Amino acid sequence: MIALGLLIIFTFFAGLMFLRKIPALLALPAMAILIALLAKLPIPALLNQIIAQGSLKLTSVYVSVFMGAMMGRVLIQTGIAEEIIKRAAEFGGEKPLIVSFGLMAVTIILFTTLQGLGAIITVGSLVLPIMMSLGIPRKLAGTLFILAFATGFIFNPILFTLYRQLLGLTETEALPAQVSTFAFILLGLMLIMVVSYALIAAKRSGEMLLMSAVSKDELLKRDKNKQVPTLALLTPIVPLVLFFGFNYFGLKLDFIAAFILGSLYGICTTNWRNAIKTLTSSAIKGIEDGAPAAILMMGIGMLLNALNLPLIKTALEPLILSLPFQSTLFYIAFFGLLSPLALYRGPLNIFGIGIGLFTIMFGTAVLPSLALLAAIMCVVQVQNVCDPTNTHSVWIANFVGVQVEDFTKETLLPMMLVCLTGLVISVLMFL
């Protein structure tokens, strides 16, 4: 009976999110409350255990989001992000493909640390006009930008902090080295796919891609007196170097500290005289940029607590344990062929109702924890690129003047191939 009730709750809210009648920000807390009522949790316990404690469960995740967004604002306000993009465009001359690859490389690097719709708008407003000015079709420019964003996001701290939570690691424990290794493998798969897709799309576009609609001179014009120092251009990779460097030597440096140090580095190498003003305004605007993600994380925390109620776990564990995950073919087929279920905040979406399924799977140990985490990392790539409910996809579609579903049609099969290949590799590494 409880299992049926859960199915009805999940299906109902999945349908509402699919139809865009309710955002995930509201759907997840509502699901958590209904699940708690289904488990006959008393109202005082619901308020304390589900709403209050649940909203604090992923504190480290959304504090990392705020710090990352703050650093993103530092990159924007100091002109570092704009300078990197313009130098990449200048390097390519008037050759559209070279310019596009350069801009995609920069976008990948930037979104290892940048996050939030504000960062998408800022970087996209610089990158997309340059691409389109060189004759690159609008839909292709938008697709390439989304692919580059998702490639860099593999290493984004919002994901790594959430992975630590899923693995049940304490604040003093570092992520296993295999997680970083698999992330680099996934990065390689994405780079191969992105380059292949760009070359094939360029060939399909024919002459359109070989012509420059307007000169880049106006787009790339800048005040020579306000050039950003070369050392400052290293700012986006400072948190990554610190984080992975410390972890490589068996030490732990939280992304929160890495972002603070990265922000200070960016400010000190550009305009240290205005350091306090820049850091203060960046922190305030960073909180604003990170607020939607933080609210989503609060809802996820509530849902996690609700699904960990004894009565709920007792009802769902037999269903999950009955699935033959011990079979490598089933493992690959389940997470690979069903990866489109990550779209529309579906049952395989870690930022949607899928967080409940994955939490129970970790709790039941139906798979080795690293094998399950690798599967999540593969499915996240499908979601980041193809989900038309992503706010970044909606903004990019509006900016380039296409339907957001066009990106899904263009990228779903290539991303499923990346997912399946990653799952095969995870079988060899973790199963």
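Is Lys-40 buried or exposed? Lys-40 counts as exposed, at 71% relative accessibility; the point is taken up again in the notes below.

1. Basis of the model. The model is predicted: local features need pLDDT of at least 70, side-chain atom pairs count only at pLDDT 80 or more, and totals for chains, interfaces and linings use all residues. Residues are numbered from 1 along each chain as its sequence is written, and side-chain values use heavy atoms, with hydrogens and water left out.

2. Loop residues with positive phi. Lys-40 is not a glycine, yet its phi is positive, at about 60 degrees. Lys-40 sits in the loop between helix H2 (24–38) and helix H3 (43–56); helices (H or I, at least four residues) and strands (E, at least two) are DSSP runs, numbered from the N terminus. Lys-40 is exposed because its relative accessibility is 71%, where buried means under 20% relative accessible area, exposed over 50%, and partly exposed in between (1.4 Å probe, protein chains only). Ala-365, also not a glycine, has a positive phi of about 55 degrees. The loop that holds Ala-365 runs between helix H17 (354–364) and helix H18 (369–386), and Ala-365 counts as exposed at 56% relative accessibility.

3. Packing of H4 against H14. Two packed helices are described by the angle between their axes and the distance between the axes. Helix H4 (residues 59–77) and helix H14 (residues 275–307) have axes that come within 7 Å and cross at roughly 140 degrees. Here axes are lines fitted to C-alpha atoms, for helices over the stretch in contact, and angles run from 0 to 180 degrees between N-to-C directions. H4 is therefore oblique to H14, given that angles under 35 degrees count as roughly parallel, over 145 as roughly antiparallel, 65 to 115 as roughly perpendicular and the rest as oblique. The crossing of H4 with H14 is right-handed; a crossing is left-handed if the near helix is turned anticlockwise from the far one by less than a right angle, and right-handed if clockwise. In the contact of H4 with H14 there are 15 nonpolar, six polar and three charged residues. For this division, Ala, Val, Leu, Ile, Met, Phe, Trp, Tyr, Cys and Pro count as nonpolar, Asp, Glu, Lys and Arg as charged, and the others, Gly among them, as polar.

4. Packing of H2 against H14. The axes of H2 and H14 are 8 Å apart, and the two helices pack at an angle of about 20 degrees. H2 and H14 are therefore roughly parallel to each other. H2 passes H14 in a left-handed crossing.

5. Aromatic pairs. Rings of Phe, Tyr and Trp (its six-membered ring) pair if their centres lie within 6.5 Å; planes under 30 degrees apart count as stacked, over 60 as edge-to-face and the rest as tilted. The count by this rule is 16 aromatic pairs. Among them, Phe-12 and Phe-13 are edge-to-face, at 5.2 Å centre to centre and 80 degrees between the planes. Phe-12 is partly exposed, with a relative accessible area of 48%, whereas Phe-13 is buried, at 5%. Phe-155 and Phe-160 form a stacked pair, with 6.2 Å centre to centre and 15 degrees between the planes. Phe-155 is buried at 5% relative accessibility, and Phe-160 is buried with a relative accessible area of 1%. One aromatic cluster consists of Phe-325, Phe-330, Tyr-331, Phe-334, Phe-335 and Phe-358.

6. Salt bridge. Side chains of opposite charge can pair when their charged atoms come close. With a salt bridge taken as a side-chain nitrogen of Lys or Arg within 4 Å of a carboxyl oxygen of Asp or Glu, the count is one. The salt bridge joins the side chains of Glu-410 and Lys-139, at 3.6 Å from N to O. Glu-410 in helix H20 (residues 404–430) and Lys-139 in helix H8 (residues 138–153) are 271 residues apart, so that the pair links distant parts of the chain. Glu-410 counts as partly exposed at 21% relative accessibility, and Lys-139 counts as partly exposed at 32%.

7. Buried residues and C-alpha separations. Phe-259 belongs to helix H13 (residues 255–268) and is buried, at 0% relative accessibility. Phe-259 and Met-67 lie 192 residues apart in sequence, while their C-alpha atoms are 6.0 Å apart in space. Ile-136, in the loop between helix H7 (117–133) and H8, is buried, with a relative accessible area of 3%. The C-alpha atoms of Ile-136 and Gly-266 are separated by 33 Å, and the two residues are 130 residues apart along the chain.
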